[in-house]
Amino acid sequence: MDENERPLIDRLREMDAFRGLPDDVLAVLAAHMHERELTPGDLLVQQGGTGDGFYVMLDGRAKGWLADESGQRRELAEFLPDEIVGEMALITGEPRTASVEITKPSRAAWIEKASFHDLAFRYPELGMVLT
């Protein structure tokens, strides 16, 4: 089966961050996530923005970068499939410290902050994945 055809719950189950979570918790998490098709240049998160949710990269690539006061960019990291993007601002409540931009056609699953916090309250083990 092609990676694009695999159910989201199967992808989550195999990720280091979610490994060991019960299937019922993964199923609820997957049901609250929204898959998005992304193209090069799309911003997943923007430096200074609010932590309104996070992404799980499913396919493709993205790069994280930091802009200084003059607008010069400094690359920080590359994000590959099965990595989480944008979770730090969700955890800290602080503005996003960097931008993450899609560099190759990609798919990512998004969950909103309110949904994740509600799920983490109901399933405390889920709240531990971002710490």
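Okay, let's start with the largest pocket: 19 residues line it, and Gly86, Met88, Thr97, Ala98 and Val100 are the ones nearest its centre. Two or more lining residues come from each of strand E4 (73-79), strand E5 (84-85), helix H3 (87-92) and strand E6 (99-112). H3 gives the most, with 4 residues. A pocket here is an open set of points on a 1 Å grid where a 1.4 Å probe fits, with protein on both sides within 12 Å along at least five of seven lines, and lining residues have an atom within 4 Å of a point. Helices (at least four residues) and strands (at least two) are DSSP runs.

A quick word on the source: this is a predicted model, so local features need pLDDT of at least 70, side-chain atom pairs count only at pLDDT 80 or more, and totals for chains, interfaces and linings use all residues. Residues are numbered from 1 along each chain, and side-chain values use heavy atoms, leaving out hydrogens and water.

Now, salt bridges, meaning a Lys or Arg side-chain nitrogen within 4 Å of an Asp or Glu carboxyl oxygen. The structure holds 12. Take Arg107 and Glu35, which meet at 2.4 Å, N to O. Arg107 sits in strand E6 and Glu35 in strand E1 (residues 34-38), so this pair ties together parts 72 residues apart in sequence. Arg107 is buried at 8% relative accessible area, while Glu35 is partly exposed at 42%; the cut-offs are under 20% for buried and over 50% for exposed, with partly exposed in between, using a 1.4 Å probe and protein chains only.
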